[in-house]
Amino acid sequence: MPSTRLFLSLLLASGLAATPSKPGAGAKGPVPKGNCAVCGMVVANFPDWAAVVTFRDGSQAWFDGPKDLFTYLLDLKRYAPKRAAADITSIQVKDYYALRPTDARKAFFVLGSDIMGPMGRELVPFGTEAGARDFLKDHHGKKVLGFAEINLGTLKDLE
Amino acid sequence: MRPPLQRYRNILDFALSSLLRRKGRNLALISVYTLVVFVIASLVFFVQALKREAHELLAQAPDMVVQRMVAGRHDPVPLAQVEAIRNIRGVDEVQARLWGYYYDPVFGGNLTVLATEDAALAPDAIWIGQGVARSMRVKEGDLIPLRGYDGQSNLFSIQKVLPESSELVSSDLVLMAPKDVRALFHFPEGLATDLAIQAGNPRELPTIAAKIVELYPDSRPILKTEILRTYEAVFDWRGGLMVVVLGSAVLSFIIFAWDKATGLSAEERKEIGVLKSLGWESSDVLLLKFWEGTVISVTAFLTGVLLAYAHVFFFSASLFEHALKGWSVLFPRFRLIPALDGYQLTVLFFLTVLPYTAATLVPSWRAATVDPDAAMRS
């Protein structure tokens with residue numbers, strides 16, 4: 001089986017040739033806990049899309065994707081009646097390319113791409129605008145939006 | 001609760017003693033039965049263990065390997081491509097790899113020679129896999145000559161023999177410094193054998209692969225998922241081949257079991273007649289036959305599975321390893337990681353115990369309903 005031999009050689013190289021090994025995909029950043037605060041899905045099943053809101057008292061709300069994060073943030077009264085927007089200390093989403101947590105308030109989101117999240121169409125998050133632009137081109141996205149530009153109307157478009 | 005339990009106990013007791021009475025026949029049946037379970041279970045365990053091993057090894061493999069093709073053949077990749085590919089959005093890391101095959105005429109095997117930048121590697125020294133050490137009969141500190149492209153012998157000292165734990169892939173491996181690899185093979189500067197690519201998000205790999213092909217139309221990206229699929233196919237194919245071969249064995253067992261279990265001898269017929277005239281009911285006789293079958297099945301199944309487990313995980317499936325693994329003269333000698341899967345065991349159970357039970361059920365029923373008078377008279 002020459003092909004098997006070849007493949008084995010290919011893969012052994014990486015394992016042994018002092019390649020700096022990287023942690024498994026999706027394992028970067030804090031491990032998601034519990035269920036999505038909006039839809040109830042188990043967040044740990046979708047680590048690549050996980051988003052998290054941290055409040056001043058240290059408690060957190062996890063989401064299985066930026067879409068649910070915005071649903072929550074834009075209607076805080078309904079999903080967290082005891083919380084106020086001022087209590088939020090940080091909002092993090094995962095950069096699509098690096099799968100590392102990035103500040104959602106400074107992130108860019110691509111609307112209308114061909115990449116589906118756990119809940120279908122998604123606002124795909126990026127740490128840099130250049131990344132978002134490249135993604136828009138590669139994946140037939142429609143718009144790049146900043147954090148502040150996303151409103152209930154945007155979310156309606158995703159349904 | 002006591003009387004019914006007592007009844008079961010008595011019947012089981014009777015079943016055991018009746019099995020013991022026909023020792024020769026039942027022992028033959030159990031040993032053939034055990035053999036069939038053993039062979040099938042070994043095969044299932046072995047193929048599963050190999051697949052698991054391959055999965056674990058591939059977990060550390062690069063997400064994608066890029067080769068360059070010239071006239072349909074694998075050719076060295078210019079190092080200039082490394083930077084260009086690194087600039088593709090979504091690429092985390094690009095590593096140029098330098099490796100090749102070295103044919104050793106003495107023991108007629110191929111070694112995989114791989115360059116490593118590991119700082120622990122001393123100058124003019126190499127690290128070798130267990131298989132290499134075994135076939136060349138060398139150990140740490142020895143010198144081995146490798147014939148260069150020009151026929152000259154290059155002496156290398158063995159600094160380390162790689163640990164056994166990685167033997168499935170490292171068996172035929174020789175690790176040396178990049179400059180030594182280039183000198184040994186006369187490998188031109190500025191070229192590498194292939195490129196190993198890690199992506200930040202595995203979902204982007206097809207896009208990255210498409211961009212690489214667009215950038216360098218003569219390149220061929222191979223995704224890790226493709227390698228995995230090839231593995232699965234190779235192991236499944238080989239396993240399937242064995243199943244076909246074993247199919248005849250299983251079939252002959254079924255015929256054997258059918259024959260042994262269905263052919264009620266005149267003596268047994270008479271025995272049932274006596275039992276029934278002593279006041280046994282049809283259900284009691286059925287229960288008796290059921291216990292007999294169960295004792296045989298479970299004994300054979302447990303023994304067969306235990307033997308197969310020992311065969312695969314303690315003796316590395318020595319009976320059919322040549323048919324199922326090996327891509328080189330240097331066979332890896334490794335121990336598979338023992339693991340049992342409830343699903344596999346269930347499948348095995350149904351594949352072996354169920355046919356036997358089914359084969360014995362109908363004749364038992366017929367025997368149980370026989371008229372005692374007629375049975376004793378015949």
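## Composition of chain A

Chain A contains five helices and nine strands in this predicted model. Read from the N terminus, the elements of chain A follow the order α-β-β-α-α-β-β-β-β-β-β-α-β-α.

Of the 159 residues in chain A, 37% are buried. Among contacts in chain A with a separation of 6 or more, 59% involve residues 24 or more positions apart.

## Strand pairing in chain B

Strand 7 of chain B, residues 125-128, runs parallel to strand 9 of chain B, residues 153-161, and four bridges join the two. Within this pairing, B:Ile126 has B:Ile158 of strand 9 as its bridge partner.

Strand 7 of chain B is also joined to strand 10 of chain B, residues 173-176, by two bridges, and these strands run antiparallel. Here B:Ile128 is placed opposite B:Val174 of strand 10.

## Helix packing in chain B

Helix 2 (residues 23-58) and helix 12 (residues 342-368) of chain B pack with their axes 11 Å apart, at an angle of about 150°. Because angles over 145 degrees count as roughly antiparallel, helix 2 of chain B is roughly antiparallel to helix 12 of chain B. The crossing of helix 2 and helix 12 of chain B is right-handed.

On the side of helix 2 of chain B, the contact is formed by B:Val36, B:Val37, B:Ile40, B:Ala41, B:Val44 and B:Gln48, which meet B:Gln344, B:Leu348, B:Leu351 and B:Thr352 of helix 12. The residues of this contact comprise seven nonpolar and three polar residues, with no charged ones.

Methods
Residues numbered from 1 in each chain as written. Chains lettered and ligands numbered in written order. Predicted model: local features only at pLDDT ≥ 70, side-chain atom pairs only at ≥ 80, totals over all residues. Buried ≥ 20, exposed ≤ 12 C-beta atoms within 10 Å, placed from the backbone. Contact = placed C-beta atoms within 7 Å. Pairing = 2+ DSSP bridges. Axes fitted to C-alpha atoms, helices over the stretch in contact; angles between N-to-C directions. Parallel < 35°, antiparallel > 145°, perpendicular 65-115°, else oblique. Left-handed = near helix turned anticlockwise from the far one by under 90°. Nonpolar A, V, L, I, M, F, W, Y, C, P; charged D, E, K, R; others polar.
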